[in-house]
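Open the model in your viewer and keep the selection tool at hand. This tour goes stop by stop: what to select, then what is there.

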Amino acid sequence: MEAAFDDFAVFEDYFPSMIQRLGSDGFMGELCNGFCLLMDVNKGVITFESLKRNTVFLGLEDLRDDEIVCMLLEGDLDGDGVLNQMEFCILMFRLSPGIMDGSKRWMEEMGVITF
């Protein structure tokens, strides 16, 4: 019997290495560039329509509409149904296990929190 994992994509988190290579300012610039690629240029935010239209750039052209809505809801902090640049950047950080693990380690090293 074959493993059930054959249907799952392997996620590789490149954000920590990008931060090391680009520095924090360069990395934030790249996140902002990503936002600009996905946003509706007339509205200045990522909408359902702009995300659906640009899923091909993400390699996600097979996403269903309900999955796209879930992606938007995951990052929509103010409940307006779209992602502004700040919400997008926060979402990207939250979705990066490497950044989240690193931030926990940095906070522990600084004595801010303990686990």
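Is E67 buried or exposed, or does it fall in between? E67 counts as partly exposed, because its relative accessibility is 28%, and the in-between class lies between under 20% for buried and over 50% for exposed. Bear in mind throughout that this is a predicted model.

**Stop 1: the whole chain**

Show everything as a cartoon. The chain has five helices and zero strands. Along the sequence the pattern reads α-α-α-α-α. Now colour by accessibility. Of the 115 residues, 25% count as buried. For contacts with a separation of 6 or more, residues 24 or more positions apart account for 39%.

**Stop 2**

Select R64, D66 and E67, and show side chains. R64 and D66 meet in a salt bridge, at 2.9 Å from N to O. R64 also forms a salt bridge with E67, where the closest N and O atoms are 3.6 Å apart.

R64 is partly exposed, at a relative accessible area of 49%. D66 is partly exposed too, at 40%.

**Stop 3**

Over the chain, the count comes to four salt bridges.

**Stop 2: α2 against α3**

Keep both helices on screen. Two packed helices are described by the angle between their axes and the distance between the axes. The axes of α2 and α3 come within 10 Å and cross at roughly 120 degrees. That angle makes α2 oblique to α3, because roughly perpendicular covers only 65 to 115 degrees and roughly antiparallel starts over 145. The crossing of α2 past α3 is right-handed.

Which residues make the contact? Select F48, L51, K52 and T55 on the α2 side. On the α3 side, take D65, I68, V69, M71 and L72. The contact divides into six nonpolar residues, one polar and two charged.

**Stop 3: α3 against α4**

Slide along to helix α4 (residues 85-94). α3 and α4 pack at an angle of about 95 degrees, with their axes 8 Å apart. That makes α3 roughly perpendicular to α4.

Select M71, E74 and G75 in α3. They belong to a contact with E87, L91 and R94 in α4. By class, the contact holds two nonpolar residues, one polar and three charged.

**Stop 4: the loop between α2 and α3**

Select D62. D62 lies in the loop between α2 and α3. Buried or exposed? D62 is exposed, because its relative accessible area is 72% and the exposed class begins over 50%. Draw a C-alpha distance from D62 to K52. The two are 10 residues apart in sequence and 9.8 Å apart in space.

**Stop 5: T47 and the loop between α1 and α2**

Step back to T47, in the loop between α1 (15-38) and α2. T47 counts as buried, because its relative accessibility is 4%, and buried means under 20%. What does T47 touch, leaving aside its neighbours within four places in sequence? Show D40, L72 and V82: T47 is in contact with these residues.

**Stop 6: C36 in α1**

Finish on C36, found in helix α1. C36 is partly exposed, with a relative accessible area of 42%. C36 and I46 are 8.5 Å apart in space and 10 residues apart in sequence.

Note on methods
Residues are numbered from 1 along each chain as its sequence is written. This is a predicted model: local features need pLDDT of at least 70, side-chain atom pairs count only at pLDDT 80 or more; totals for chains, interfaces and linings use all residues. Side-chain values use heavy atoms; hydrogens and water are left out. Buried means under 20% relative accessible area, exposed over 50%, partly exposed in between (1.4 Å probe, protein chains only). Axes are lines fitted to C-alpha atoms, for helices over the stretch in contact, and angles run from 0 to 180 degrees between N-to-C directions. Helices (H or I, at least four residues) and strands (E, at least two) are DSSP runs, numbered from the N terminus. Angles under 35 degrees count as roughly parallel, over 145 as roughly antiparallel, 65 to 115 as roughly perpendicular and the rest as oblique. A crossing is left-handed if the near helix is turned anticlockwise from the far one by less than a right angle, and right-handed if clockwise. Contact means heavy atoms within 4.5 Å. Ala, Val, Leu, Ile, Met, Phe, Trp, Tyr, Cys and Pro count as nonpolar, Asp, Glu, Lys and Arg as charged, and the others, Gly among them, as polar.
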